[in-house]
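This report covers a pocket, charged pairs, strand pairing and aromatic rings. Please keep the structure open while reading.

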Amino acid sequence: MTAILGYWKLDKNDERWDEYMKTVGVNFVLRKVGNSITSYEDIVQNGENWEMHLLSTFKNNHLNFKLGEEFDENTPDGRNCKSTFVIEGDSLVHYQKGTKDGDVNSKITRTKVDEDTMTVTFVAEGKDLTTVRIYKKHPKP
């Protein structure tokens with residue numbers, strides 16, 4: 001699974017990214033920010049411990065986790081969820097379960113496409129909505 005490790009810069013979103021954010025409960029102002037910022041993902045593994053630094057020009061988020069172990073996550077847009085990361089095939093999969101009634105659960109799949117490209121596929125579970133963000137390998141600052 002070391003293929004997914006590294007520093008990645010957002011290259012582009014598909015046309016359903018805004019609809020996905022709206023579906024999972026991101027407010028209008030934060031959606032506008034989410035559609036316009038530059039973001040990075042730094043994925044690091046140290047033995048059984050994983051770290052994911054989600055960096056942007058707006059807000060940063062840092063996740064520490066072990067595969068298969070649920071933890072509390074506060075997303076950059078302010079949602080609280082129970083999260084679990086697992087390996088499925090060649091992908092790192094992130095399950096987010098909402099903590100309040102009416103929250104939409106998500107499945108976020110990170111897959112390395114080639115040496116320089118990673119796709120991050122977001123599925124709003126039960127809503128028939130999928131969107132993809134494409135990241136390119138980037139030198140770590």
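How much space lies in the largest pocket? About 160 Å³. The model is a predicted one.

**Pocket**

The lining of the largest pocket includes Val 24 and Gly 25, the run from Arg 79 to Cys 81, and the run from Gln 96 to Lys 100. Asp 103 and Val 104 also line this pocket. Which strand gives the most to the lining? β7 does, with three residues. Both β6 (80–88) and β7 (91–98) supply at least two residues each. By class, the lining residues divide into three nonpolar, five polar and four charged.

**Salt bridges**

The count of salt bridges comes to nine.

| Arg 110 | Glu 41 | 2.7 Å |

Take the salt bridge of Glu 41 with Arg 110. This pair links distant parts of the chain: Glu 41 sits in strand β2 (residues 39–46), Arg 110 in strand β8 (residues 106–114), and they are 69 residues apart. Are these two residues buried or exposed? Glu 41 has 4% relative accessibility, under the 20% cut-off, so Glu 41 counts as buried. Arg 110 is at 3%, so Arg 110 is buried by that cut-off too.

Lys 82 lies in strand β6 and Asp 72 in strand β5 (residues 71–74), 10 residues apart. Lys 82 is partly exposed, with a relative accessible area of 31%. Asp 72 reaches 59%, which is over 50%, so Asp 72 is exposed.

Lys 112 is partly exposed at 23% relative accessible area. Glu 115, at 56% relative accessibility, counts as exposed.

**Strand pairing**

β2 pairs with two strands named here. Four bridges join strand β1 (residues 6–13) to β2, and the two run antiparallel. Trp 8 stands opposite Glu 41 in β2. Glu 41 is also the salt-bridge partner of Arg 110.

Eight bridges join β2 to strand β3 (residues 49–56), again antiparallel. Gln 45 has Trp 50 in β3 as its bridge partner. How many residues lie between β2 and β3 in their hairpin? Two. In the turn, Gly 47 has a positive phi of about 70°.

**Aromatic rings**

The structure holds eight aromatic pairs. One of them joins Tyr 20 and Phe 122, which are 5.2 Å centre to centre with 55° between the planes, a tilted arrangement. Tyr 20 belongs to helix α1 (residues 17–23) and Phe 122 to strand β9 (residues 117–124), 102 residues apart. Tyr 20 is buried, with a relative accessible area of 3%. Phe 122 is buried as well, at 9%.

Phe 71 and Phe 85 form a stacked pair, 6.2 Å centre to centre. What angle lies between the planes of Phe 71 and Phe 85? It is 5°, under the 30 degrees cut-off, so this pair counts as stacked. Phe 71 is in strand β5 and Phe 85 in strand β6, 14 residues apart. Both are buried.

Notes
Residues are numbered from 1 along each chain as its sequence is written. This is a predicted model: local features need pLDDT of at least 70, side-chain atom pairs count only at pLDDT 80 or more; totals for chains, interfaces and linings use all residues. Side-chain values use heavy atoms; hydrogens and water are left out. On a 1 Å grid over the protein atoms alone, a cavity is a set of points where a 1.4 Å probe fits but cannot get out, and a pocket is an open set with protein on both sides within 12 Å along at least five of seven lines; lining residues have an atom within 4 Å of a point. Grid points are joined across faces, edges and corners, and a volume is the space filled by probe spheres set on the points. Ala, Val, Leu, Ile, Met, Phe, Trp, Tyr, Cys and Pro count as nonpolar, Asp, Glu, Lys and Arg as charged, and the others, Gly among them, as polar. A salt bridge is a side-chain nitrogen of Lys or Arg within 4 Å of a carboxyl oxygen of Asp or Glu. Buried means under 20% relative accessible area, exposed over 50%, partly exposed in between (1.4 Å probe, protein chains only). Two strands pair if DSSP finds at least two bridges between them. Rings of Phe, Tyr and Trp (its six-membered ring) pair if their centres lie within 6.5 Å; planes under 30 degrees apart count as stacked, over 60 as edge-to-face and the rest as tilted.
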